[in-house]
Amino acid sequence: MIVIGGGLAGLAAGVALAESGWRVRLFEQRPFLGGRATSYVLPDGEHVDNCQHVTLGCCTNLEDFYRRIGAVGKIKFFDRLLFLDPQGRRGVMQAGFLPAPFHLTGSFAAFGLLNLLDKLSIARAMLDILQTQGNPADLQEKGGISMLEWLRRRGQTKRAVERFWRVVLVSALDEELDRTDARFGVDVFWKAFLSSSTGYRMIRFDEGREESADAYILAVPHTALAELLPQSVKQSDPSLANLDKIKVAPITGVHFWFDRPVMKEPFVTLLDTTTQWIFNKTALYGRDSNGTANTVPAGQYLQLVISASYDLLQKPRQEIIDLCLGEVRKALPAARNAELLKATVIKEAAATFSPEPGVNRWRPRQQTSVPRLFLAGDWTETGWPATMEGAVRSGYLAAEALLRSEATPREFLQPDLPPDGFIAMWLGSNPSLRFPGSVS
Ligand SMILES: Cc1cc2nc3c(=O)[nH]c(=O)nc-3n(C[C@H](O)[C@H](O)[C@H](O)COP(=O)(O)OP(=O)(O)OC[C@H]3O[C@@H](n4cnc5c(N)ncnc54)[C@H](O)[C@@H]3O)c2cc1C
C-alpha cells in the first residue's frame, strides 16, 4: 500500500499498517520526514526546530506512536509553568499533592498575576466544565459558538480572559478566542487539566513515473490535497468538496542567539505581550549554540513562539526582531546587557487549520467513498484541534478504516487518559455520568 505524506499522520498510519503485515511505501516530497513537526539545519550549520513543539500528557496516541517507534524515552516532561508579566512579576503553576481536579488549586490560589475576582470567575467556568464533564449545553448550538462568547456567558473578567484563557488557548489552538469554536476550548481544559492530574504535563521534542498499490492513504495537508485530487474524485465524494472552507492560522517563531545565558528556566510564558512563550533551547537541547555539551554554556539560544500571529505576517522581519527583543529584554533582566549575535524569524502562514466555530462540519472522515482511498492529517475528522495528537489519531483511524475494509479489523486508537482523583471517585459513584472513552 502507498502512503503519501511523511508527517505524523502518514507515519502513524504507515507504522500501524506495517505492524499489521502490510508492505508500506511512503512518499514524501521533502528530503526529510516529520512534516510540520520537524527540524532542519540552517546554511550556517545551526540546527533549528521548525518550531518548538509542545504536547500534553493527555495526548495518549502521540505517546503510543512514540512508544511504537522507540522514541518515548526522548520526551521530556515538565510539571512547572512560569509566567512573567511586563512589570517583571512572576506567577507559577505546578501540580500539588491534591488529587484531580484540585491538583493545580494550590498554585492557582497563590497565583499573583490574577486577583480574587478573576480567580473566582475562572473557578466558576471550570466548575461548569467539571459538572458537565466537558459538555456544557451551549456547545451543542447549531454552527457552534466562539470560545469568547462561551466565556462572556460565564461572566469572565477582562483580566481572566487576557491572562488565563487567552494565554492557554491561543497557544494550544493557534487561534484567537473570538475565532475558536468553544468545543475545542472546553476540551483543552477538560482533557488536559481537569480530568487527570498528569494531563497537563508538557513534553518537548524535538518525476513522472507511476506507482500503484492495493490501497492509498493521502496524508498531506488539506490545502495540498485540494490541488492533488482530480476534480472527478472531489465531485464523487461530497466530503471532499468543502476542503477550501477549512481556513488556516499562522504561527511565527523568532530565534535569538545571545552571547551569554539570559534565562535559567526551560521555558516561560509572557503575559500582555506579543511574545507568548520563550523556550530556552540551549537547556532543552542539552548543549550550547555551538553544539557542545553545555555544562557551562557560552551563549544561549532562545526560541519565541507567537500563535495566531496574523498581525506579524505582513511585518518586515527586522521589525518583528526589534519588537520581540524589546519584550525579551524587559522580561529577562539578564538579556539587557547580553549581545544578540544573530536572529531568525520563521513565519508559518498555514501552521494549523483554524478551529473556528462550526469547522468540524467541513472535516472529512478518513474513509472516503472512493474504494481503497483513505485520508489522514490533523485536519480530518478526529474531534481534536490541529495538533501532533490529532495527526497521529488520524493516521491510526485511517489504518483502522483500511483494515476494516479488508475484513481484518484491528484497533490502534488509544483511550483518553482515565480520570483520576476525585473525578474518578465521583464518576464511579455516578455510573450514569461516565464519559465515553474512559477506561477507568
Ligand atoms: C510552527 C508550528 C508550531 C506548532 N506547534 C505545535 C505544538 O506545539 N503542539 C502540537 O501538538 N502541534 C503543533 N503544531 C501542529 C503540528 O505540527 C501538526 O498538527 C502536525 O504535525 C500535522 O501533522 P500531519 O501529518 O497531519 O501534517 P504535516 O506535518 O503537514 O505532514 C504532511 C506531509 O505531507 C507532505 N506533502 C505535501 N504534499 C505532498 C505531495 N504532493 N507529495 C508528497 N508529500 C507531500 C509534506 O511535505 C509533509 O511532510 C505546530 C505546527 C506549526 C507549523
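Which residues are the closest to the ligand, and how many surround the ligand?

**View 1. The shell around the ligand.** 36 residues surround the ligand. The closest are Gly5, Gly7, Gly35, Cys51 and Ala391. A residue is near a molecule if its C-beta atom, placed from the backbone, lies within 6 Å of it. Elements that give two or more residues to this shell are helix 1 (8-19), strand 5 (54-56), helix 8 (222-228), strand 11 (248-258), strand 15 (340-353) and helix 12 (388-405). Helices (H or I, at least four residues) and strands (E, at least two) are DSSP runs, numbered from the N terminus.

This is a predicted model: local features need pLDDT of at least 70, side-chain atom pairs count only at pLDDT 80 or more, and totals for chains, interfaces and linings use all residues. Residues are numbered from 1 along each chain as its sequence is written.

**View 2. The ligand between two domains.** Domain 1 (2-75 + 202-247 + 355-405) and domain 3 (248-353) both give residues to the shell, so the ligand lies between them. The domain bounds come from an automatic or database domain assignment. The shell divides into 17 nonpolar, 14 polar and five charged residues. Ala, Val, Leu, Ile, Met, Phe, Trp, Tyr, Cys and Pro count as nonpolar, Asp, Glu, Lys and Arg as charged, and the others, Gly among them, as polar.

View 3. Four strands form an open sheet in the order 2-1-10-16, with parallel pairing. Strand 2 (25-27) and strand 16 (373-375) are the edge strands, and each pairs on one side only. Strands pair if DSSP finds at least two bridges between them. Neighbouring strands are turned by 20° against each other on average, direction ignored. Strand 1 (residues 2-4) and strand 10 (residues 216-218) share three bridges. Val3 has Ile217 of strand 10 as its bridge partner.

**View 4. Helices on the sheet.** Helix 1 lies across strand 1, strand 2 and strand 10, at about 165° to strand 1. Helix 12 packs on the sheet and touches strand 10 and strand 16; its direction makes about 160° with that of strand 16. Contact means C-beta atoms, placed from the backbone, within 7 Å. Axes are lines fitted to C-alpha atoms, for helices over the stretch in contact, and angles run from 0 to 180 degrees between N-to-C directions.

**View 5. Helix 2 and its cover.** In helix 2 (residues 60-68), Thr60, Asn61, Leu62, Phe65 and Tyr66 are buried (20 or more other C-beta atoms within 10 Å of their own, all placed from the backbone). Helix 1, strand 5 and helix 12 are among the elements that cover them. Just after helix 2, Gly70 takes a positive phi of about 75°.

Terms used. Buried ≥ 20, exposed ≤ 12 C-beta atoms within 10 Å, placed from the backbone. Contact = placed C-beta atoms within 7 Å.
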